[in-house]
Amino acid sequence: MHDFLLPFGPQHPALAEPVHIKLRVDGETIIGSELVLGYNHKGIEKSFENRTWTKGVYLSERVCGICGHYHTSCYCQGIESMLGIEIPDRAQYIRVVIGELERLHSHMLSLGIVAWEMGFDTLFHYMFRDRELVMDAQELLTGNRVHFVMNVIGGVRRDISLGNAAKTLKALDKLDERIKHYLGVFRDDSSVRNRTQHVGYLSTRKAKELNPVGPNVRASGIDYDVRETGYFAYKHLRFKPVTGQGGDVMERCLLRLKECLESSRMIRESLYQMESLKGSEVALQVPPAVKIKEGLETVSRVEAPRGELFYYLKAAGEKPDRVKIRTPTYQTFHILDEVLKGHEIADVPVIIASLDPCLSCTDRVTVVDTKTRREKIMTKHEILHMRDGGRHGH
Amino acid sequence: MKLLPEAIIRLFSKPSTRRYPKERPTLPAGFRGRVEWERGTCIFCMLCALNCPTNAITINKENKAWAIDTGKCIFCGRCHDVCPTDPKSVTNSDRYELSEYDKSKFSRLFGK
Amino acid sequence: MAIEALTFAEILFQALVFPGFAAAFIIGFFYMGVMRKAAARMHHRVGPPLWQPFLDFFKLMSKENITTKASLGLMATLCPIVSFAAMLTVIIFVPIAGFQLVTFPGSLFVVIYFLVMASAFFAIAGFAAGNPFASVGSIREITQLFAYELPFIISLVTIGLLTGFQIVPFSALAFPFTFAAFMLGVLGKLSLPPFHIPEAEQEIVAGPTTEYSGPRLALFELAKAAAFWVLISLAAVMLLGADGIVSFALDSLALLALLVICRVVFARLRIAQALRLYWFVLAPLALIDLVRVMIGMY
């Protein structure tokens with residue numbers, strides 16, 4: 001049997017978003033793969049340069065539908081550090097609550113997709129039905145199921161009333177029960193085990209070499225989670241990253257479910273701790289025309305559901321000079337060649353889904369300055385020094 | 001096989017699908033639907049038009065006319081946030097059935 | 001009832017109406033509709049109406065046939081027809097509540113032959129399409145055929161030894177392994193979970209039927225309906241011993257319920273896993289029953 005080229009995508013029922021993976025197949029076995037991105041390029045980084053900082057918040061939300069809140073949080077965090085302001089405590093808690101709700105719905109979506117790729121559409125439908133609990137909670141708190149735009153520069157836009165908090169907690173109770181049930185299903189159902197155990201294995205050593213981020217790297221035994229740095233209100237919540245040792249698809253799925261339970265716990269704790277801050281303000285009064293000193297740069301990181309999200313901002317007065325977004329899928333997706341090697345065609349959709357790619361976020365284009373042909377490599381120290389606009393070096 | 005008990009129970013229960021348009025969803029308070037304008041309280045400060053991220057609002061001070069292009073609107077609610085009057089002149093209603101056959105109908109003119 | 005004893009009108013009726021073409025069309029699509037509706041309800045969904053497969057068929061018949069340059073047009077049209085015809089020919093050997101066109105000792109082997117032919121032409125259709133996804137789907141179809149035929153034939157031979165290799169109402173409930181091998185063979189032939197491998201939507205678009213559209217795809221749907229009708233009827237007669245109209249209807253619906261449950265609770269297997277399951281688990285078990293019959297211990 002000689003090998004042939006199987007084009008996976010850009011149009012494929014397994015893929016929600018267009019990506020082109022050229023698979024070299026011999027019978028059913030994959031002997032090589034090549035990743036071609038770029039079908040989703042929207043030119044967002046350029047669009048930022050035409051908008052003021054406040055209008056840019058709405059644009060950053062729309063980089064991705066599933067993790068929009070994290071994009072705005074990261075963007076606002078960067079601007080706030082350049083302005084040298086710290087948002088009120090209540091706002092920090094609210095950002096965490098909305099963020100963890102978004103992590104819940106994103107993980108449930110990802111697991112439902114993994115189930116569907118396995119041919120198990122029953123589990124897919126059940127998980128999406130339970131995800132609706134989270135979507136309803138989001139609609140209750142923010143006014144919309146996706147694209148909440150809760151963040152403004154200086155805090156959040158809306159407060160969480162006691163009534164809404166109580167309703168959210170009730171939804172979380174129901175959800176916790178269901179997630180524990182799904183932990184049992186993913187762990188024990190033989191049908192699921194056949195498709196996910198020992199599939200798509202990424203060893204700890206390879207993970208250190210290839211540097212994916214998010215649940216994918218945590219499932220290979222490396223506990224890297226940006227929430228450990230304690231931004232927003234995470235410093236007040238007892239947060240520990242969830243790790244696993246398995247490194248295969250099953251481990252990633254179980255890890256995401258455990259992260260859902262952890263998120264639910266953190267939302268409860270935030271809402272509880274927020275009660276003592278009742279009545280305090282949720283946003284600082286920031287003038288609508290935000291002006292930042294020209295040339296100031298900063299770097300902002302948050303832990304999006306898929307991993308570390310990284311924004312580089314360079315100011316030019318009222319508008320940014322440059323916004324560079326490094327999304328987690330951009331960092332993770334190149335491990336595809338490693339995890340697909342030696343597997344069958346049947347495993348490809350399951351492995352891709354278990355990496356939880358968000359291709360809307362991913363497509364960026366590098367602009368090279370051809371006139372000066374200058375490349376600049378920044379050291380870790382320089383990047384860390386750029387936080388807080390260079391005011392307080394960490 | 002773990003899903004079998006639930007599957008059998010579900011077979012005899014009501015489906016989770018809402019039969020739209022016969023059944024309609026109950027929207028929470030604070031739902032961000034179509035933007036509406038109240039002429040009586042407006043002071044024509046132009047803040048909503050200046051702050052709209054997509055420039056969907058156009059105001060004509062002389063004719064006291066206020067128009068929003070629902071096609072450009074992203075339903076973010078910023079116009080409502082920055083409106084200084086009390087009660088606010090610009091609100092997010094809970095109208096969400098906004099399809100039209102004619103694109104020009106998207107531009108809604110209030111006032112005159 | 002030998003074929004000479006029937007009048008021409010009776011033969012025509014049985015071939016075209018019941019249990020032939022019309023029965024396959026109506027009852028086969030009805031089974032498919034019930035399966036889709038029941039599966040949807042088990043998923044919390046509303047699901048399509050029970051007559052959706054009929055609507056699909058007529059809609060597809062009204063569309064255009066699109067042939068790509070790489071495909072063999074004539075083969076592509078012939079394959080679903082041959083597959084449907086081969087599957088439907090089996091029904092003349094099956095006694096359905098008194099209607100049986102032909103039976104003779106050894107008719108079971110003719111049945112086995114036609115069943116294999118039906119699946120083989122489905123696979124050939126995939127190769128005729130000239131699409132890498134369809135080719136992979138066809139390879140899987142043939143591999144799966146190769147896999148389930150072993151335990152399936154063993155179970156048929158076990159029953160055949162006790163019925164003179166004809167198809168007569170026979171209750172195989174005393175032979176659970178034979179029952180399991182037969183029904184799992186049916187699952188494989190109908191491409192139902194966990195063996196919905198050849199048409200794996202998430203992996204190879206649509207498998208052998210990837211490039212098919214319009215009336216050709218409608219013919220494939222018809223072939224599928226015929227498969228449902230024939231295989232469920234065959235199982236109702238050979239495994240549950242249905243001889244009257246009422247018992248036949250109840251047995252068929254019971255088997256349909258079993259198929260629906262399998263449709264809902266299983267994920268897909270990989271082709272290698274399916275092969276191992278059929279050959280190294282089911283086939284030895286089916287052999288136990290065969291040996292039991294051969295040495296008279298039943």
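Student: What is the mean pLDDT of chain C?

Tutor: pLDDT is the predictor's confidence in each residue, on a scale from 0 to 100. Chain C averages 88, and 98% of the residues score at least 70. This is a predicted model, in which local features need pLDDT of at least 70 and side-chain atom pairs count only at pLDDT 80 or more, while totals for chains, interfaces and linings use all residues; side-chain values use heavy atoms, with hydrogens and water left out. Residues are numbered from 1 along each chain as its sequence is written, chains are lettered from A and ligands numbered from 1 in the order in which they are written.

Student: Where in chain C is confidence lowest, and where is it highest?

Tutor: Elements here are DSSP runs numbered from the N terminus: helices are H or I with at least four residues, strands are E with at least two. In chain C, helix α8 (residues 201–204) has the lowest confidence, at a mean of 72, and helix α3 (residues 52–61) the highest, at 94. For chain B the mean pLDDT is 85, with 96% of its residues at 70 or more. Strand β5 (residues 107–111) of chain B has the lowest mean among the elements of that chain, 66, whereas helix α1 (residues 4–11) of chain B has the highest, 90. Where pLDDT is low, the predicted coordinates should not be read in detail. The model as a whole scores ipTM 0.89 and pTM 0.89.

Student: How many helices and strands does chain C have?

Tutor: Chain C has 11 helices and zero strands. Its radius of gyration is 19 Å, close to the 19 Å that the globule rule gives for 298 residues, so chain C is as compact as a globular protein of that length. The radius is taken over C-alpha atoms, and the rule is 2.2 Å times the number of residues to the power 0.38. Along the principal axes, the C-alpha atoms of chain C fill a box of roughly 55 × 50 × 40 Å.

Student: And how many helices and strands are in chain A?

Tutor: Chain A has 15 helices and eight strands. Its radius of gyration is 21 Å, close to the 21 Å given by the globule rule for 394 residues, so chain A too is as compact as a globular protein of its length. The box for its C-alpha atoms is roughly 70 × 60 × 35 Å along the principal axes.

Student: What share of the residues in chain C is buried?

Tutor: Buried means under 20% relative accessible area, exposed over 50%, and partly exposed in between (1.4 Å probe, protein chains only). Buried residues make up 54% of the 298 in chain C. In chain A, 60% of the 394 residues count as buried.

Student: Is S119(C) buried or exposed?

Tutor: S119(C) has 5% relative accessibility and therefore counts as buried. The residue lies in helix α5 (residues 107–128) of chain C. Contact means heavy atoms within 4.5 Å. Not counting residues up to four places away in sequence, S119(C) touches E141(C), L145(C), Y148(C) and K189(C).

Student: Which residues are in contact with K258(A)?

Tutor: Leaving aside neighbours within four places in sequence, K258(A) is in contact with L183(A), V242(A) and E251(A). K258(A) sits in helix α10 (residues 249–274) of chain A and, at 32% relative accessibility, counts as partly exposed. K258(A) and V149(A) are 109 residues apart in sequence, and their C-alpha atoms are 27 Å apart in space.
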